[in-house]
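Trainee: I'd like to learn how to read a fold strand by strand. Could you walk me through one?

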Amino acid sequence: MPHSEQDDDCAIKPILLVKSGGETALPEWRELFGTYAPFLDVRSWDDISVDPEHVKYALVWQPEPGRLASYPNLRLVLSSAAGVDHITTDPTWPKHLPLLRASTDESAQRMGEYVCLAALALLKDLPRLVKQQTAKDWQPFETVRSAPETQVGILGLGKLGLRCASMLMALGFQVSSWSRSAKRVDGVRSYTGEEGLRTMLLSSHIVVCLLPSTPETAGMLNRDTLALLPEGAGLINVARGSHVVRDDMMAALDSARLSGAVLDVFEQEPLPPDDALWRHPRVLVTPHIASIASRRARVEFFCRQIAAHRENRPLEGVFDISRGY
Ligand code: NAP
């Protein structure tokens, strides 16, 4: 239930507990929240002097199971990451409260930059160029196609997918998308449902995964779906490792059915040193950095949401428990 400003006991500042980035990050969080929401008392998650009754907000990364449920007057749960699985795996998380994802404009911009970089890397065969440079091997080769002849299919046209679509189109790529609900976006062909997925994959020279991690989306890039892509297509996974059936992707890479992959997310993170993906000649691996929002952008976003909640206005970035994202 939303609360109005009058609900606060004026003598005591509402407490925001922070568990993100460890103790060393606390001074920065404090300074930033002090700028955007000076009415908050920002405290460390481990501060034993905090009265649980006065905790109104919690900004968390991997809170210990049961802790969030122990604050009787909590109003909002703020996930310091874009995903919320690090909170919802706690069966006692307070489901009656809004759970907000760090869904900033900066995250969308940074994801757009990464996906453009990855799409161009696949277009120019950057894995091969890196290998050639390492071997001091001067071997000119021609690029198979340019951006305007390249169809990029984006799985998931949410906040991040939408920004990627417009940035890719600005580079000249042709863009299509697949989402749960149909979209009307200038220049983007929108597909939905099983048949829509099939149609989109059949014409995607590059496929970008930007789906949330839900039971429906788990393992959806598998032998059958990868087989629909044109021969020599490229894959960019910036969503979650669980979306890809790893053995099927490896087989497609080994057979060159997939000509390349840019992978930022993995079933096991950090990717173990002995994992074959590190050394695969057609693969670029990055350590889950496609889009990390700055603390400033996250604080600015969450302070806007706290203000909206206090004034009973609609919130952005709310996790929808029934949809699972
Ligand atoms: P979002 O706004 O919630 O968008 C999700 C999109 O996926 C929506 O278009 C949604 O369709 C679609 N979708 C969900 N379930 C579907 C299904 N079963 N079938 C078809 N489409 C489905 O999410 P976002 O903010 O763009 O973020 C996307 C993902 O990026 C996150 O879940 C996270 O895993 C990942 N991420 C990665 C990084 C990184 O650094 N690598 C950083 C941030 C986020 P509707 O539009 O119809 O609802």
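Trainee: In what sense do strand 10 and strand 11 pair, and over how many bridges?

Mentor: General idea to begin with: strands of a sheet pair through backbone hydrogen bonds, either parallel or antiparallel. Here strand 10 and strand 11 pair in the parallel sense, over five bridges. Two strands count as paired if DSSP finds at least two bridges between them. Helices (H or I, at least four residues) and strands (E, at least two) are DSSP runs, numbered from the N terminus.

Trainee: What kind of model is this, and how are its residues numbered?

Mentor: This is a predicted model, where local features need pLDDT of at least 70, side-chain atom pairs count only at pLDDT 80 or more, and totals for chains, interfaces and linings use all residues. Residues are numbered from 1 along each chain as its sequence is written, and side-chain values use heavy atoms, with hydrogens and water left out.

Trainee: In what order do the seven strands of the open sheet run?

Mentor: Read them as 8-7-6-9-10-11-12, with parallel pairing. Strand 8 (188-191) and strand 12 are the edge strands, each pairing on one side only. The twist averages 15 degrees from one strand to the next. For angles, axes are lines fitted to C-alpha atoms, for helices over the stretch in contact, and the values run from 0 to 180 degrees between N-to-C directions.

Trainee: Which strands does helix 8 lie across?

Mentor: Helix 8 (residues 246-254) lies across strand 10, strand 11 and strand 12, and runs at about 135 degrees to strand 11. Contact here means heavy atoms within 4.5 Å.

Trainee: And what is the strand order in the open sheet of five?

Mentor: That one goes 2-1-3-4-5, and the pairing is parallel. Its edges are strand 2 (41-44) and strand 5 (99-100), each pairing on one side only. Strand 1 (residues 15-19) and strand 3 (residues 55-60) pair in the parallel sense over five bridges, and K19 has V60 of strand 3 as its bridge partner. Helix 1 (residues 26-36) lies across strand 1, strand 2 and strand 3, at about 170 degrees to strand 2. Helix 9 (residues 295-310) lies across strand 3, strand 4 (76-79) and strand 5, at about 165 degrees to strand 4.

Trainee: Into which domains is the protein divided?

Mentor: Domain 1 (5-104 + 293-310) and domain 2 (107-285), with bounds from an automatic or database domain assignment. Their C-alpha centres lie 34 Å apart, and seven residues of domain 1 are in contact with five residues of domain 2.
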